[in-house]
Amino acid sequence: MAANNNTITTIPLLSPYKLGKFNLSHRVVLAPLTRCRSYKNVPQPHAVLYYSQRATNGGLLITEATGVSDTAQGEGYPQTPGIWTKEQVEAWKPIVEAVHAKGGVFLCQIWHVGRVSTYGFQPNGEAPISSTDKGVTPGLDGVDWSPPRRLRTDEIPQIINDFRLAARNAIEAGFDGVEIHGANGYLIEQFLKDGVNDRTDEYGGSLENRCRFALEIIEAVANEIGADRVGLRISPYADFMDAIDSDPEALGVYIASAINKYGILYLHVNEPRMIEVNGKLETPHGLLPIRKAFKGTLLACGGYGREDGNKAVADNYTDLVAFGRLFLANPDLPRRFQLDAPLNKYNRDTFYTPDPVIGYTDYPFLEAST
């Protein structure tokens, strides 16, 4: 039974939090969600409504993954946004302004997909670039991924510079900061994980070497826009796009420890989904080792709901909780959590359709009288 306005109680997810220089009024974060509605890689006016629908005063929103260069845009996911051209920067501005008008804090997630691509998306039909020349399993996720080309050592500084320039562009567009996408099998994680990275230079082999690329990007971006405007997302336990590590806990703890010296805004960790073990749902790995290693704000993500999100905050397991599918289907998710109101069900079939309304801005709000 949903509570009414007269019986609202404060819950951990709706308690305030000081995130660097930002005063958050609650801990319910919009997770980055690829939406495939940025035609020709340019953010569109319909994104103004989409993001502003989910904005609240003192709420943190993270954009869908946004490409850092034209080569980064060859990811096999059509119509994803970029932030490497003046046109893209200008297109982001009204979207950011709409979120800020509602008092929201807005970060742009920046990515390079690396080998998660096909020749058809790459400039001049070239091979995608990666830490390796090993490709993603053909047919995985329904796509025949093209074999990548291993980056030469002397090419790596250019990729790092692409992230730096993208971060500068994000600030020019009005964003409050950026989240560096080091998760989900994309380029940075292709360097991080030993199941992908088979290099023998200073960017491969040892854990320290495999993390070098990520840390150099963080340092470059932090130097460009300020560490207090930079977040990092990792997913050490995940195996998305064949990105597997032999010791994911050691990887997560190493990264968490290594970034302490930069003083970045937060670390965002995508947890493994719950799996069924002997008839019970269990999460095989937890964030406590990473929580202990990282001295800053921790943001957890991975299938949370109201009850377990509240518990995670109450137990000091995490500081903030990012919600993806629930926030997509419930643009007023913080209010629904506040009222313990029923939630809309999400429609997976419309997650990535290019329609500017269906599955995008047409999920209903609670009635004003609720």
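Is asparagine 330 buried or exposed? In this predicted model, asparagine 330 is buried, its relative accessible area being 0%. The residue belongs to the loop that links helix 9 (325-329) to helix 10 (333-339). When neighbours within four places in sequence are set aside, the contacts of asparagine 330 are Arg336, Leu343 and Asn344.

The confidence of the prediction was examined next. The chain has a mean pLDDT of 93, with 92% of its residues at 70 or more. Among its elements, the highest mean pLDDT, 99, belongs to strand 4 (residues 60-62), and the lowest, 61, to strand 12 (residues 275-277). Over residues 1-8 the pLDDT stays under 50, and the model has 12 contacts beyond four places in sequence for this segment.

Strand 6 pairs with strand 4 in the parallel sense over three bridges, and leucine 61 stands opposite phenylalanine 106. A parallel pairing over two bridges also joins strand 6 to strand 5 (residues 66-67), with glycine 67 opposite tryptophan 111. Strand 9 (177-182) runs parallel to strand 6 and is joined to it by four bridges; here leucine 107 stands opposite glycine 177.

The largest nonpolar core comprises 82 residues, of which Tyr51, Ile110, Ile180, Phe213, Ile259 and Leu267 touch the most other members. Helix 5 (residues 207-225) supplies the largest share of this core, 10 residues. Beyond four places in sequence, isoleucine 110 touches Thr66, Val68, Ile83, Phe163, Ala166, Ala167, Val178, Glu179, Ile180 and His181. Another core, of 16 residues, lies apart from the largest one and includes Leu24, Leu265, Tyr266 and Cys301.

Strand 15 (residues 320-323) has Leu320 and Ala322 pointing one way and Val321 and Phe323 pointing the other, and all are buried. Strand 3 (residues 28-30) pairs with strand 15 in the parallel sense over three bridges, valine 28 standing opposite valine 321. Strand 14 (residues 297-301) likewise pairs with strand 15 in the parallel sense, over three bridges, and leucine 299 has leucine 320 as its bridge partner.

Glycine 174, which follows helix 3, has a positive phi near 105 degrees. In helix 6 (residues 248-258), the buried residues are Pro248, Leu251, Gly252, Ile255, Ala256 and Ala258. Their cover includes helix 4 (187-192), helix 5, strand 10 (230-234), strand 11 (266-270) and helix 7 (288-293).

Several loop residues were also characterised. Most residues other than glycine have a negative phi. Aspartate 141, by contrast, has a positive phi near 60 degrees and is placed in the loop between strand 7 (129-130) and strand 8 (149-150). Asparagine 184 also has a positive phi, of about 60 degrees, although it is not a glycine. Asparagine 184 is situated in the loop between strand 9 and helix 4, and it is buried, with a relative accessible area of 14%. Glutamate 271, in the loop between strand 11 and strand 12, is buried with a relative accessible area of 8%. Glutamate 271 and cysteine 301 are separated by 30 residues in sequence, while their C-alpha atoms are 6.0 Å apart in space.

Definitions and conventions. Residues are numbered from 1 along each chain as its sequence is written. This is a predicted model: local features need pLDDT of at least 70, side-chain atom pairs count only at pLDDT 80 or more; totals for chains, interfaces and linings use all residues. Side-chain values use heavy atoms; hydrogens and water are left out. Buried means under 20% relative accessible area, exposed over 50%, partly exposed in between (1.4 Å probe, protein chains only). Two strands pair if DSSP finds at least two bridges between them. A nonpolar core is a set of buried Ala, Val, Leu, Ile, Met, Phe, Trp, Tyr and Cys residues joined through side-chain atoms within 4.5 Å. Contact means heavy atoms within 4.5 Å. pLDDT is the predictor's confidence in each residue, from 0 to 100.
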